[in-house]
Amino acid sequence: AYATGYSSIAGQDLKFATSIQYASSCPSSDTVVVNYLPAPSAPNEPDTLRCGPGSVSITVVPGSGASNVRWYADSTTTTVLFTGTVFTTPVLSSTTSYFVSSLTTGGCESLSRDRVRVSIAPQPSLTSTTTAVACFGGSTGAVDLSVSSGTPAFTYLWSNGATTQNVTGLSAGVYTVTVTSTGTPNSSATGTVTATSPGPVT
């Protein structure tokens, strides 16, 4: 069999005219149509954030004309990390990018890949210096709080309602503070401090 000619228009089916010649018979001809299946569009997904190290579950909607998603470590590799619309990453300690393509039920893959970036926001690290209450039953305790890591600026919320970094006028007891980064990406951390006082005078 051999092709005697073909006709095609970009983006449409490809049509071949073929002839078959056997030694003991007359030639016969037929037309073969190769169906054109357009590649699906790539997904278009926003980046995602996580506060502190850990794994992230990412859901991606396939592009137009597709029903599934392939995940890659970069934009050109042929090694598939995972196939599916929901991908759970390994534990990440730093910002990591993945690349996704759309996949049809017939196995056609999008010509391009979309990058999905997982940003790991560093959690604030808290240290404190406590001033003990001077006298039993008094309220002269204080806490000086220091914050490192995280993305400035920070907001503060203490269990006694205070919203300042450092607190004074404390009576003896246990106090909890939540520090939240208002930068991008944001994150938070919670710490506990104890204000002590001398026992009663007997």
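Two strands are taken to pair if DSSP finds at least two bridges between them; strands (E, at least two residues) and helices (H or I, at least four) are DSSP runs, numbered from the N terminus. The structure is a predicted model, in which local features need pLDDT of at least 70 and side-chain atom pairs count only at pLDDT 80 or more, whereas totals for chains, interfaces and linings use all residues. Residues are numbered from 1 along each chain as its sequence is written, and side-chain values use heavy atoms, with hydrogens and water left out.

On these terms, strand β15 (residues 173–181) and β16 are paired antiparallel through eight bridges. Within this pairing, Val174 has Thr194 of β16 as its bridge partner, and Tyr175 stands opposite Val193 in β16. The two strands belong to an open, antiparallel sheet of three strands with the order β13-β15-β16. The edges are taken by β13 (154–158) and β16, each of which has a single partner strand, so one side of each lacks a neighbour in the sheet. Neighbouring strands of this sheet are turned against each other by 20 degrees on average, direction ignored; axes here are lines fitted to C-alpha atoms, for helices over the stretch in contact, and angles run from 0 to 180 degrees between N-to-C directions.

In a regular strand the side chains alternate between the two faces of the sheet. Strand β16 (residues 188–195) has a covered face made up of Ala189, Gly191, Val193 and Ala195, while Ser188, Thr190, Thr192 and Thr194 lie on the uncovered face.

A further open sheet of three strands, also described by antiparallel pairing, has the order β11-β12-β14. Its edges are β11 (125–131) and β14 (167–170); each has a single partner strand, so one side of each is left without a neighbour in the sheet. The twist from one strand to the next averages 20 degrees. Strand β12 (residues 141–148) is joined to β14 in the antiparallel sense by two bridges, and Val143 has Val167 of β14 as its bridge partner.

Over the whole chain there are 16 strands and zero helices. Of the 202 residues, 29% count as buried, where buried means under 20% relative accessible area, exposed over 50%, and partly exposed in between (1.4 Å probe, protein chains only). The accessible surface of the chain is about 11,800 Å², with 53% of it belonging to carbon and sulfur atoms; areas come from the Shrake-Rupley method with a 1.4 Å probe, and for residues only the protein chains shown count as cover. Among contacts (heavy atoms within 4.5 Å) with a separation of 6 or more, 49% involve residues 24 or more positions apart.

A nonpolar core is defined as a set of buried Ala, Val, Leu, Ile, Met, Phe, Trp, Tyr and Cys residues joined through side-chain atoms within 4.5 Å. The largest such core has 13 residues, of which Val143, Leu145, Tyr156, Trp158, Val167, Tyr175 and Val179 touch the most other members. At least two residues of this core are supplied by each of β12, β13, β14, β15 and β16. Apart from it lies another core, of 12 residues, including Val56, Val69, Leu92 and Val116. Beyond four places in sequence, Leu145 touches Leu126, Thr127, Ser128, Tyr156, Trp158, Gln165, Asn166, Val177 and Val179.

Ser128 is located in strand β11 and, at 36% relative accessibility, counts as partly exposed. With neighbours within four places in sequence left aside, Ser128 is in contact with Val143, Asp144, Leu145 and Val193. Ser128 and Val193 are 65 residues apart in sequence, yet 7.6 Å apart in space, C-alpha to C-alpha. Ser93 lies in the loop between β8 (86–88) and β9 (96–103) and counts as exposed, because its relative accessibility is 61%. Residues up to four places away in sequence not being counted, Ser93 touches Pro53 and Ile120. The C-alpha atoms of Ser93 and Ser55 are 8.9 Å apart, across 38 residues in sequence.

With a disulfide taken as a pair of cysteine sulfur atoms within 2.5 Å, the structure holds zero disulfides. Cys51 is partly exposed, with a relative accessible area of 31%, whereas Cys135 counts as exposed at 52% relative accessibility.
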